[in-house]
Amino acid sequence: MPASTRHHRALAVFVHCLGILAAVPALPTAAPEAAAAPRPPAATPQPTAATPQPMAEAPQPTAAAPRPPAATTAPAATRPPVAMVARVTEPTPPSAPPAMAPPTRAPASAPPQQVTVAVATESSPAPRYRIQVRNVSNSPLETTVRQELPPGASTTAISGGGRSTPAGGSATEVTWRLRLPAHSTTTLGTALAATAPGKPLTAPTCAFTSDGSRPYDCATATWQAAAAPAAEVTEAPPWRRYPVLLGGLAVLLLISAALVWVWRRRRGRRVTAAALATGGGPEGGRGTVYPRPAAPSPVRRRRTPPVWMLVGAAVVVLAGVVGTAGWTATRQVAAIDTQKLPTSGAWVGTGVTGSMGVPLRESAFEFTVYRMTCGAPGTAGKTDGGAAPANGRRCEATVGVRNVTGDHQPWHSELQRAYLPGGRWVSADESATRTANLGRDVFADPMAAGTRMVLPLVFTVDGRDPPQQLELRSGVFSAGVRVQMP
């Protein structure tokens with residue numbers, strides 16, 4: 001055999017061996033023969049053969065110590081494979097994957113309320129409100145109750161020792177300081193001066209802690225005048241509408257022109273017939289034996305309506321069409337609401353605008369703004385290391401949030417905005433809001449389904465003008481709600 005052939009064969013054998021060694025780790029962890037072999041019978045005979053010698057020398061522990069190595073020398077070549085098979089045949093089973101991934105954050109549950117508030121209106125000619133404040137805890141509490149009155153409203157009667165104080169601008173608030181025994185209910189009442197019939201008045205009421213910094217609970221009610229219903233606005237009858245009048249006039253003119261044309265045409269025919277009947281021959285109209293020579297009949301020109309009639313009718317029809325189109329377009333343009341929020345496209349839900357104290361619902365949350373107070377300019381200071389503007393101040397809004405969906409919903413501080421004069425806006429100050437909620441981050445966890453929270457939202461604004469509008473929403477693509485500030 002040539003040397004080159006022997007070298008090639010040796011190299012092929014070496015490569016074949018390397019392939020076998022490389023394929024060994026990829027083999028199954030347990031061979032079928034090893035998995036089928038019973039493990040306990042193969043392992044039990046080994047100790048039984050070596051046990052008689054240690055048992056015989058059990059009274060001499062010092063002499064039995066060197067014997068186990070000698071006793072295990074014989075089965076040393078066969079015992080390790082059995083042990084290896086025992087380890088291989090019992091692989092650790094993988095853990096089953098969860099059926100559903102757990103939520104990353106548990107929904108936040110509202111803290112238990114110690115004081116609840118309920119507001120109702122009375123059927124009376126003047127606005128009257130009945131407020132019930134209940135202490136549901138096991139200990140007496142001191143609370144401050146504040147009722148926000150509509151702008152321009154004045155009180156005529158206040159029960160329970162309350163007093164009316166200005167709340168900035170044209171708004172007024174009624175304040176009570178109460179000490180509530182455990183499991184007790186206190187009823188308060190206010191009466192306002194009469195207003196214009198049909199004008200609704202909303203007066204939200206909140207119960208705060210004794211220092212008035214943190215709300216316990218809030219409620220609202222809207223009073224409607226109990227006067228006679230307003231006269232129904234009915235549309236004008238058809239004969240008093242401008243499009244109908246213009247259309248009727250155009251039709252009347254067309255009919256008149258058609259009648260004149262028909263009358264003139266018939267009159268011309270009668271004149272022609274009379275002329276033919278009265279025109280006789282030389283015999284005075286009597287016939288002769290010889291027939292008359294045929295006379296060529298005159299060529300008659302087809303009568304057409306005069307030009308002035310066609311032009312007039314066209315002008316009348318054109319004027320009627322233009323007038324009707326202009327009137328319809330004017331009504332449609334006037335019906336467009338320029339203040340309406342976007343309700344289509346990428347937005348989810350319908351945008352809603354309302355006043356303070358009125359519940360406004362969007363796609364996931366129901367927002368109610370009960371109160372808005374602003375400090376003096378330059379009193380913002382620093383909160384949790386965040387620097388405020390030199391002339392900045394904190395504006396705190398007491399907001400009620402209710403999750404109206406069947407699942408927990410997150411919300412974010414960046415989406416809650418306060419709009420200032422000139423179109424500028426600021427987002428909620430998260431650090432200041434956490435401080436106002438006694439260190440609790442209300443945006444950290446989603447809201448559980450069906451829960452309601454009453455909490456303060458803080459906005460850091462600059463200048464002397466307070467926010468004119470609050471925009472609250474649950475998600476980035478939610479249409480949200482807008483609350484007009486008094």
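The following paragraphs lead through selected features of a predicted model.

Residues are numbered from 1 along each chain as its sequence is written. Because the model is predicted, local features need a pLDDT of at least 70 and side-chain atom pairs count only at pLDDT 80 or more, while totals for chains, interfaces and linings use all residues; side-chain values use heavy atoms, without hydrogens and water.

The pLDDT is the predictor's confidence in each residue, from 0 to 100. Its mean for the protein is 75, and 66% of the residues reach 70 or more. Residues 29-38 have a pLDDT below 50, and this stretch has 6 contacts (heavy atoms within 4.5 Å) in the model beyond near neighbours in sequence.

Helices (H or I, at least four residues) and strands (E, at least two) are DSSP runs, numbered from the N terminus. Phe14 lies in helix α1, which covers residues 3-23. This residue counts as exposed because its relative accessibility is 52%, and exposed means over 50% relative accessible area, with a 1.4 Å probe and protein chains only.

Two loops contain residues with a positive phi. His183, in the loop between β6 (172-180) and β7 (184-192), has a phi near 55°, a positive value in a residue other than glycine. Leu438 belongs to the loop between α11 (430-436) and β18 (452-462). Although Leu438 is not a glycine, its phi is positive, at about 60°. Leu438 is exposed, with a relative accessible area of 63%.

Conventions:
Buried means under 20% relative accessible area, exposed over 50%, partly exposed in between (1.4 Å probe, protein chains only).
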